[in-house]
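Please examine the model shown below.

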Amino acid sequence: MRKKHELILAAGLVLTILISNTVGFVRDGLALDRLRGSVLRLHILAESDSERDQTLKLRVRDALLESGILEGADSLAEAEAVAADRLPDIERIAETVLRANGCDLPVEAELADTEFDVRTYGDITMPAGTYRALRVKIGSAQGHNWWCVMYPSLCVPAACEVTDDKQTELERFDDEELDIMYEPEKYEIRFAIWDKIKELGKVLVVQSDENETDA
């Protein structure tokens, strides 16, 4: 009887641990989705990897960050709407910088769902995944790119460098999101599993819809 009682207690303990881990796993996964769905990333692609083209890319970066083009936006949807409406202005700002530096390359600006690898900027790391991005392509856009978070505005020009805005981070992100950005190594494996589970779920939904259509 005592042995049976110990087995029941052990099983209960294991079940409690599994439930606790599952709850934590789902909570972290939802925080990741929340983070991805709340930012607009700025993605500038240079013409090439030559020193001149990379310098021009950074000058375009500075001009766009200093323009305050998304100033006043209170949500990702609003930031996207403003950016979409002002794509011609964004292209004009970039082209003005290029022309002032003797470069006649064209510029194309667009809003797009963009797949990013893990990217570290300043003290923050953005997990890999699909994000909405303002993409600014210079010429053939074959060179190394530069990225940051344009909304909320985390990129602050400072002399020749750009730093991340700590105050904006604290105001715009909750504790779970901040922990993800500042302690990314804690989440790497579970986020990979989370994304695989979601990917599998999408496949199953598509297959289910196809089966219903065939029926």
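Predicted model: local features only at pLDDT ≥ 70, side-chain atom pairs only at ≥ 80, totals over all residues.

Three elements, α1 (2-36), β5 (129-138) and α7 (188-214), each contribute at least two residues to the lining of the largest pocket. The largest share comes from α7, with seven residues. Sorted by class, the lining of the largest pocket holds nine nonpolar, three polar and nine charged residues.

The second largest pocket has a volume of about 330 Å³. Of the 18 residues that line the second largest pocket, L70, E71, M150, P152 and S153 are the closest to its centre. At least two lining residues of this second largest pocket are supplied by each of α2 (51-67), β6 (145-151) and α5 (166-172). The classes here are 11 nonpolar, four polar and three charged residues.

The cysteines may be considered next. A disulfide is a covalent bond between the sulfur atoms of two cysteines. A search of the whole structure finds one disulfide, and C148 and C155 are the residues that it joins, with an S to S distance of 1.9 Å. The torsion about the S-S bond of C148 and C155 is about -135 degrees, and the disulfide is therefore left-handed. Both of these residues, C148 and C155, are buried. Another cysteine, C103, has a relative accessible area of 5% and is therefore buried, since buried means under 20%.

Note on methods:
Residues numbered from 1 in each chain as written. Heavy atoms only, no water. Disulfide = S-S within 2.5 Å. Buried < 20%, exposed > 50% of the residue type's maximum accessible area, 1.4 Å probe, protein only. Helix = DSSP H or I, 4+ residues; strand = E, 2+ residues; numbered from the N terminus. Nonpolar A, V, L, I, M, F, W, Y, C, P; charged D, E, K, R; others polar. 1 Å grid on protein atoms, 1.4 Å probe; cavity = no way out; pocket = protein on both sides within 12 Å on 5 of 7 lines; lining within 4 Å. Points joined across faces, edges and corners; volume = space filled by probe spheres on them.
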